[in-house]
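Me: I have a structure to go through and I'm new to this. Can we take it step by step?

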2 protein chains.
Amino acid sequence: MIYELYYWPEIQGRGEFVRLALEYAGAGYVDVARGEGKGQGIEALMRGLKDAHAQHLPFAPPFLKHGKIVVAQAAAILLYLGPRLGLVPEEEAGRLWIHQIQLTIADLVAEAHDTHHPIGVALYYKDQKPEALRRAEEFRETRMPKYFGWLEKLIARNDTKGGWLVGKSVTYADLSAFQVVAGLRYAFPRAAAASLRKTPKLRALAANVAELPTIEAYLASSRRIKFSVDGVFRHYPELDDPE
Amino acid sequence: MIYELYYWPEIQGRGEFVRLALEYAGAGYVDVARGEGKGQGIEALMRGLKDAHAQHLPFAPPFLKHGKIVVAQAAAILLYLGPRLGLVPEEEAGRLWIHQIQLTIADLVAEAHDTHHPIGVALYYKDQKPEALRRAEEFRETRMPKYFGWLEKLIARNDTKGGWLVGKSVTYADLSAFQVVAGLRYAFPRAAAASLRKTPKLRALAANVAELPTIEAYLASSRRIKFSVDGVFRHYPELDDPE
């Protein structure tokens with residue numbers, strides 16, 4: 001049964017964490033709002049958000065439909081997809097650990113978002129720029145290094161020593177770690193590079209994910225939307241480390 | 001086997017979502033950092049966060065130990081506890097839906113936190129007060145009503161019509177909805193009251209949770225820490241609606 005992903009069609013955003021899992025596994029899926037067929041396009045996404053009868057109404061995109069299942073929240077979608085796409089181990093303890101890492105990566109993504117929107121999502125960046133300058137400084141100097149350092153420790157302590165976050169195989173947490181590293185490198189090229197110099201294992205993990213054959217093919221395809229200042233990771237040069 | 005909750009001893013914070021689940025179910029648990037016995041107290045919490053050998057190292061409190069399991073992130077802890085405490089239904093679809101609601105409540109909690117810390121967690125409130133005034137306004141006028149309105153719809157659309165968010169029994173999402181309503185009533189007494197006037201089902205749910213016998217007993221006990229300006233929900237009068 002095909003997976004239907006509902007997300008904004010022109011940004012990577014939080015939907016990208018789901019796209020990466022589907023792409024890695026070579027799963028059959030439709031990126032509904034980007035489609036042009038019947039029941040596709042942005043209207044289909046908006047209908048899903050405003051469905052007056054839906055029991056499991058999403059609060060926001062992304063959401064996934066799969067048969068009778070409708071699930072929103074990127075981390076919950078990955079919790080659902082993990083076992084189906086072979087992206088988690090069998091035992092509960094391992095799955096819970098991977099989910100916990102994902103939730104922490106989601107916190108990092110939220111903090112990255114708030115560097116350019118510290119005051120409110122309904123306002124433009126230009127209307128909260130002084131606040132953004134302050135928040136970005138704290139993010140670059142304290143928060144990003146703290147999260148990266150934690151991920152580095154996890155890779156170091158994974159007793160299989162294979163370079164992944166959990167166990168000896170790729171999990172959705174590795175794909176998400178790749179994505180957050182890629183996003184922060186785009187948004188804060190200088191600060192992210194400086195932070196990653198201290199976390200060589202995380203840097204290697206990101207490089208290894210990018211070279212997984214299905215991911216490499218995806219990244220080179222038109223399905224991979226480019227980073228932009230409309231997404232969750234935004235490159236505003238003034239928010240990065242000074243030169 | 002007893003549950004060991006590790007969280008800051010003097011605030012409700014994000015640990016309270018876990019405490020409520022344990023208290024509702026009458027589970028045997030130790031609130032480790034609040035204990036005075038051997039291996040308890042704040043030092044035990046700090047050791048858990050800095051354990052140089054832990055494979056499943058928490059990024060931040062709260063975390064739960066249960067036998068060999070160590071799990072952090074309030075939502076992941078509840079995912080683990082849900083089936084063990086009888087706080088979720090049997091089927092996967094229902095459990096996933098409850099988890100998705102929990103993650104959305106967690107987003108609301110994070111936004112509530114950022115009203116008093118829009119610039120950075122490492123700074124004092126007084127050092128980000130102008131920014132907090134702006135962010136709180138957006139939160140009161142747009143974000144809190146949006147989240148409350150969504151929860152209201154879920155209660156209305158729950159086809160068992162029992163007044164809970166999912167199905168005909170209390171789940172951890174109901175306990176968490178109660179907590180976020182209680183927290184926002186403390187932090188923003190005028191704005192929360194105004195918003196809740198438009199969401200009578202959510203207001204009723206919160207009242208019904210408070211009257212569950214085990215919860216009522218807990219709220220009246222010394223185990224329930226008082227809200228304060230050290231927690232995630234903070235009452236700074238200037239951040240609430242003007243009189």
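This is a predicted model: local features need pLDDT of at least 70, side-chain atom pairs count only at pLDDT 80 or more; totals for chains, interfaces and linings use all residues.

Me: How many residues of chain B are in contact with chain A?

Reply: 35 residues of chain B contact 35 residues of chain A (C-beta atoms, placed from the backbone, within 7 Å).

Me: Which parts of chain B supply that side?

Reply: Strand S4 (69-72), helix H3 (74-84), helix H4 (92-116) and helix H5 (129-157) of chain B each give at least two residues. Helices (H or I, at least four residues) and strands (E, at least two) are DSSP runs, numbered from the N terminus.

Me: New topic. What domains is chain A divided into?

Reply: Chain A has domain 1 (3-84) and domain 2 (92-211 + 231-239), with bounds from an automatic or database domain assignment. Their centres, taken over C-alpha atoms, are 23 Å apart.

Me: And how many residues does each domain put into the contact?

Reply: Domain 1 of chain A gives 14 residues and domain 2 of chain A gives 14 residues. On the domain 1 side, helix H1 (15-25) and helix H3 (74-84) of chain A are the elements giving two or more.

Me: Back to chain B. Why is H6(B) largely enclosed?

Reply: H6(B) is largely enclosed by the rest of the structure because 15 of its 16 residues are buried. Buried means 20 or more other C-beta atoms within 10 Å of a residue's own, with C-beta atoms placed from the backbone.

Technical notes:
Residues are numbered from 1 along each chain as its sequence is written. Chains are lettered from A and ligands numbered from 1 in the order in which they are written. Two residues are in contact if their C-beta atoms, placed from the backbone, lie within 7 Å. A residue is buried if 20 or more other C-beta atoms lie within 10 Å of its own, exposed if 12 or fewer, and partly exposed in between; C-beta atoms are placed from the backbone.
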